Amino acid sequence: QVQLVESGGGLVQAGGSLRVSCAASGSIVRILAMGWYRQAPGKQRELVAAITSGRSTNYADSVKGRFTISRDNAKNTVSLQMNSLKPEDTAVYYCNADLLTVNNGRGDYWGQGTQVTVSS
């Protein structure tokens, strides 16, 4: 069984910063990639940023230069530092992990989501 537990998020004014983090635990053999997605009301869930085990990164165009994703392979954690936040960044942010488990092979796992609200 695998769990992704997110922390951070909250309310911030436009131009401010927030950091969200996610810790994976359970019967994990290896985490192949971790990432952050977000879903705003009435919109589809979208990729924000992703990072491989080799620390190659990928960002949505809308957050390039403002957000930074990082991971600690030893601790099975991933973080997203969000700077220069805009009201349009308001969404529920979800942690995602593509990983290998002891009993169930490769799978795609999600956290429960954490709310990020940016006021104008």
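Student: Hi! How many aromatic pairs does the structure hold?
Tutor: It holds one aromatic pair. The partners are Tyr-37 and Trp-110, whose ring centres are 4.9 Å apart with planes at 65°, so the pair is edge-to-face. For the cut-offs, rings of Phe, Tyr and Trp (its six-membered ring) pair if their centres lie within 6.5 Å, and planes under 30 degrees apart count as stacked, over 60 as edge-to-face and the rest as tilted.

Student: Quick check before I go on: what sort of model is this?
Tutor: This is a predicted model, where local features need pLDDT of at least 70 and side-chain atom pairs count only at pLDDT 80 or more, while totals for chains, interfaces and linings use all residues. Residues are numbered from 1 along each chain as its sequence is written, and side-chain values use heavy atoms, with hydrogens and water left out.

Student: Is Tyr-37 buried, exposed or partly exposed?
Tutor: Tyr-37 is partly exposed, at 23% relative accessible area, and Trp-110 is partly exposed too, at 35%. Buried means under 20% relative accessible area, exposed means over 50%, and partly exposed is in between (1.4 Å probe, protein chains only).

Student: Which ring faces does Arg-45 lie over?
Tutor: Arg-45 lies over the face of Tyr-94, 3.7 Å from the ring centre. Arg-45 also lies over the face of Trp-110, at 4.7 Å from the ring centre. The rule is that NZ of Lys or CZ of Arg must be within 6 Å of the ring centre and within 35 degrees of the ring normal.

Student: Changing topic: how many bridges join strand 4 to strand 5?
Tutor: Six, and strand 4 and strand 5 (residues 46-52) run antiparallel. Two strands pair if DSSP finds at least two bridges between them. Tyr-37 has Leu-47 as its bridge partner in strand 5, and Ala-33 has Thr-52.

Student: What about the hairpin of strand 4 and strand 5?
Tutor: Six residues sit between the strands, and Gly-42 takes a positive phi near 80°. Strand 5 also forms a hairpin with strand 6, with four residues between them, and Arg-55 in that turn has a positive phi of about 70°. Strand 5 and strand 6 (residues 57-59) pair antiparallel over three bridges.

Student: And how many bridges join strand 4 to strand 9?
Tutor: Ten bridges join strand 4 to strand 9 (residues 91-101), again antiparallel. Trp-36 stands opposite Cys-95 in strand 9.

Student: Which residue forms a disulfide with Cys-95?
Tutor: Cys-22 does, with the two sulfur atoms 2.1 Å apart. The cut-off for a disulfide is a pair of cysteine sulfur atoms within 2.5 Å. The angle about the S-S bond is -80°, and the link of Cys-22 and Cys-95 is left-handed. Cys-22 lies in strand 3 (residues 18-26) and Cys-95 in strand 9, so the pair ties together parts that are 73 residues apart in sequence.

Student: Are those cysteines buried or exposed?
Tutor: Cys-22 is buried, at 1% relative accessible area, and Cys-95 is buried as well, at 0%.

Student: What order do the strands of the open sheet have?
Tutor: The open sheet of four strands has the order 1-3-8-7, with antiparallel pairing. Strand 1 (2-8) and strand 7 (67-72) stand at the edges with a single partner strand each, so one side of each is left without a neighbour in the sheet. Strand 3 and strand 8 (residues 77-82) pair over six bridges, and Leu-18 stands opposite Met-82 in strand 8.

Student: Last one: where is Arg-66 found?
Tutor: Arg-66 is in the loop between strand 6 and strand 7, and it is buried, with a relative accessible area of 11%. Leaving out residues up to four places away in sequence, Arg-66 touches several residues, including Met-82, Ser-84 and Asp-89. Contact there means heavy atoms within 4.5 Å.

Terms used: Helices (H or I, at least four residues) and strands (E, at least two) are DSSP runs, numbered from the N terminus.
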